[in-house]
Amino acid sequence: MAHASDPTQFTLAEARDALAAKAISARELAQAHIDAIARARSLNAYITETPDRALVAATQSDAKIATGTARPLEGIPLAVKDLFCTNGVRTTAASRILDNFVPTYESAVTRNLWNAGAIMLGKTNLDEFAMGSSNETSYFGPVVNPWRARGRNDDLVPGGSSGGSAAAVAARLALAAIGTDTGGSIRQPAAFTGLVGLKPTYGRCSRWGVVAYASSLDQAGPMTRTVRDAAIMLHAMASHDPKDSTSVDVPVPDYEAALEPGVRGLRVGIPKEYRVEGMPPEIDHLWRQGVDWLRAQGAEIIDVSLPHTKYALPAYYIVAPAEASSNLARYDGVRYGHRAAGTDDLIGLYERTRGEGFGREVRRRIMIGTYVLSAGYYDAYYLRAQKVRTLIARDFTQAFQACDVLLTPVTPCAAFGIGAKTADPVSMYLNDVFTVTVNLAGLPAISVPAGLSDDGLPLGLQIIGKVFDEATVLSAGRAIEHGADFKAAPQAWWRT
Amino acid sequence: MTSEQTERSARLIEGATGRWEVVIGMEVHAQVASKAKLFSGAATEFGAEPNSQVSLVDAAMPGMLPVINGYCVEQAVRTGLGLKAKINLRSVFDRKNYFYPDLPAGYQISQYKQPVVGEGEINIDLANGETVSVGIERLHLEQDAGKMLHDQHPDYTYVDLNRAGVALMEIVSRPDMRSSEEAAAFLRKLRAILRHLGTCDGNMEAGSMRADVNVSVRKPGAPLGTRCEIKNVNSMRFVMQAVDYEARRQIDILEAGGSIKQETRLFDSRTGETRSMRSKEEAHDYRYFPDPDLLPLTFDQAWVDGLACALPELPDEKRARFIKAGLSSYDASVLVAEKEATDYFEQMVAEGAEPKAAANWLSNEYFGRLNKMGLSISSGPIPAKSASTIVQMVSSGTISGKIAKDLTDIVWREGGDPRALVETRGLRQVTDESAIEAAVAAVIAANPDKADEVKAKPKAVAWFVGQVMKAMSGKANPQAVNAILRRHLGLSEDG
């Protein structure tokens, strides 16, 4: 095996095959990752490490492999965004208000993974309550991107909100990770760290046990080093869950098998509205390359229009905060989580608990959300945003009459410096310009690493597909991966 | 003026500046009779240990999601059908946002703009025999909140979440009631409908039915006045007290030159008064929006039609049937007002009692006894089967009406089979003319002066009837006694 000397370099598929071939034990695989995590604390990728639990699980996996009863992800060590509730393991949402919260229950998605034999290495850092695009809003401090610009030592952001999961997989601190994507929170950090990030169709993965940010947009998905790994992960994560009323009862195909057909005859739409003003030439260049790769593999390229795209970002920043303002009302210091000390009246308890417990960005979004739902403003903001949402979904439906998938950039720029955008929330929000439309329409989309910026930082391309057509999204993503032949990896400068 | 307006003018309230009309609308919260909560599988049993019936969803733990309880939806639709209301095939659950410790999620899941049930109506039957129609504006499903416990600790307030998430139907009436009597009659009729449907147990003491009463006053014919909402009025009697007090309070303010402030008021059952709770300005902005965790509630007409076909007979239909069977409109209304009374009556009839006679026995013999002892019909001592037997024995002439009273007392006190009691205690009515003749002759012989008196004043024959009945321990057939007495005294037969 190519990576037997350092099993953290395996892709998930390679590790699976190595485990099956008994070229490595699950315990060795887990231990290698535990060691790597211990030497990478400066990245701040994990909030909570669970090495003991991982080793116990790995021992059980080895027993299963030995008896020939291995499950699909037997012994695969994973990182879990600390937004998924994990039974007996602290779950913080990167917020002070939950910094002592230990669930007594396991989220549906993580339960699926553990039932498939996967092993948890720990809970990864994120923007507080998944609100952010740089992983700088975490109560536990920012995550550092394992990538650095060519010839520089400045710390860069890994993107967000699933920044810890992205850094962990990019720095080989896990074979794969799971994240959640509300407006780009899987795809944008995947692009910033040279990874594959898949946001499935809304309703494909259960939201049960995932700390809610914006319920109508949140969706769990995998972050991996290859498209194949994403296919393997999604198959294990997805399920219909009667406990989530928005979960949809559709068959979960064998995505890995569906990678093979390629893109011959596939109609790929290029939405002209994504060619935004001021887009850096390197992004535009990458996009054109993507077109060339797909065309070279037999895809048909079609120009399409998504006319309401420009309204997506403002609509997103109304809908998401509105839902968040209500979803986060439960964190009141009464039943669990942080409670302010020394208050003797109810209003004081609420104000102090929530004032202390929530960071600036969360407070900002709660206030925006409260405002847009208020009497007299509801129609002008929330209702209009919902109408925009309908129009955006219709744009996609119409475009998909002419094409099978869409190809767009993931982000308008590469990873930026820590602190570079924190003073200007609007410029931060602009990071989501290419990703939020997909969440508003509930569609599946994948971010695939496609090249390096002029500074040597990873950039991604996005494939957007039809509802529940993750299989085509993955096979088109595989074609991008094939065309780009992205082999770059960050230097392990963080190792202690 | 229409006849209805004329009737209703009798209920106007006399004030210093003339007569006032009170206008009443009601919002009734009726707990759905369901073993599980509206959005979680937790139990709903009343009186359980605090916080013993709380699921992760009810406690609003992070990441928990609501799942609609289909049984509760079905009961809401059945109730809508019972209220002759429009069933909305698509309705939406909304979040009503406010902070309070008994509301774990910080929002109540309710239905705001698109309720499951639309407009309907209820006919209420008043003591004077009049029937008034009260419009139903809507019925929607929502979650109940938990309960604050202030008396468990000197320094702390505790929260019991057993009720949190329990399914409620909020039933909103139009402002169609014009007196406290109508308000109470509305609540009574609504309760009867719910109990006939089995969609709510109607137990007001346990809080499974609570009313918020909106009251305003106006001069007859004037536009609606400013209303006050009186919260959580928990019995028919309190509804009447609260309306009467509130109407008088508002009239006094208006007549003193003041104006009514729109506000929410609390009814104090100890003093019978209402007091201010919060003004309109202090009212919450609930920031309603569709709950993104739940899909819209949709069903097809065929399903609704199926439920409609399977509805049980409702109070109005029963009442019409009872009247057709010979009951007075008043008796019929009384019998359908309480589900237990209806069931009891119907069982008596099913066992063979003639309906009119059964209704008479209930209103003349049984209800009074129950009231005196503070018993409900279901906790009363005489089974419907025994009651039916007593009534049938009177109808067949086996016992007299007088004996029926005594027999009712015996069965009430001691229980037992009425037919056997009649035999063992010799209560059978005597229709044997020779026995009556003998008794009549004896009584006349013992009272010669009275006999002369009766011949001059035939109405006094009643005294003789009484004496003969007494002599025969009440077992004689009164008609036979009367006839034989008249013959012996030489009076006309029909006097």
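This chat goes through a helix pair in chain B and a sheet in chain A of a predicted model.

Student: At what angle do H9 and H10 of chain B pack?

Tutor: Helix H9(B), residues 355-373, and helix H10(B), residues 384-395, pack at about 110 degrees, and their axes are 10 Å apart. That makes H9(B) roughly perpendicular to H10(B), since angles of 65 to 115 degrees count as such.

Student: Is the crossing of H9(B) and H10(B) left-handed or right-handed?

Tutor: The crossing of these two helices is right-handed.

Student: Which residues meet there?

Tutor: From H9(B), Ala357(B), Ala358(B), Trp361(B) and Tyr366(B) take part. They meet Ala387(B), Ser388(B), Ile390(B), Val391(B), Val394(B) and Ser395(B) of H10(B). The residues of this contact comprise eight nonpolar and two polar, with no charged ones.

Student: On to chain A. How many strands are in the open sheet?

Tutor: The sheet has 11 strands with mixed pairing, in the order E1-E3-E2-E4-E6-E5-E10-E11-E9-E7-E8.

Student: And which strands are at the edges?

Tutor: Strand E1 (46-49) and strand E8 (300-304) of chain A, each of which pairs on one side only. Neighbouring strands in the sheet are turned by 30 degrees against each other on average, direction ignored.

Student: In what sense do E2(A) and E3(A) pair?

Tutor: Parallel, over five bridges, between residues 77-81 of E2(A) and residues 119-124 of E3(A). Pro77(A) has Ile119(A) in E3(A) as its bridge partner.

Student: Which strands does helix H12(A) lie across?

Tutor: H12(A), residues 379-402, lies across E7 (267-271), E8 and E9 (405-409) of chain A. The helix runs at about 135 degrees to E7(A).

Key. Residues are numbered from 1 along each chain as its sequence is written. Chains are lettered from A and ligands numbered from 1 in the order in which they are written. This is a predicted model: local features need pLDDT of at least 70, side-chain atom pairs count only at pLDDT 80 or more; totals for chains, interfaces and linings use all residues. Axes are lines fitted to C-alpha atoms, for helices over the stretch in contact, and angles run from 0 to 180 degrees between N-to-C directions. Helices (H or I, at least four residues) and strands (E, at least two) are DSSP runs, numbered from the N terminus. Angles under 35 degrees count as roughly parallel, over 145 as roughly antiparallel, 65 to 115 as roughly perpendicular and the rest as oblique. A crossing is left-handed if the near helix is turned anticlockwise from the far one by less than a right angle, and right-handed if clockwise. Two residues are in contact if their C-beta atoms, placed from the backbone, lie within 7 Å. Ala, Val, Leu, Ile, Met, Phe, Trp, Tyr, Cys and Pro count as nonpolar, Asp, Glu, Lys and Arg as charged, and the others, Gly among them, as polar. Two strands pair if DSSP finds at least two bridges between them.
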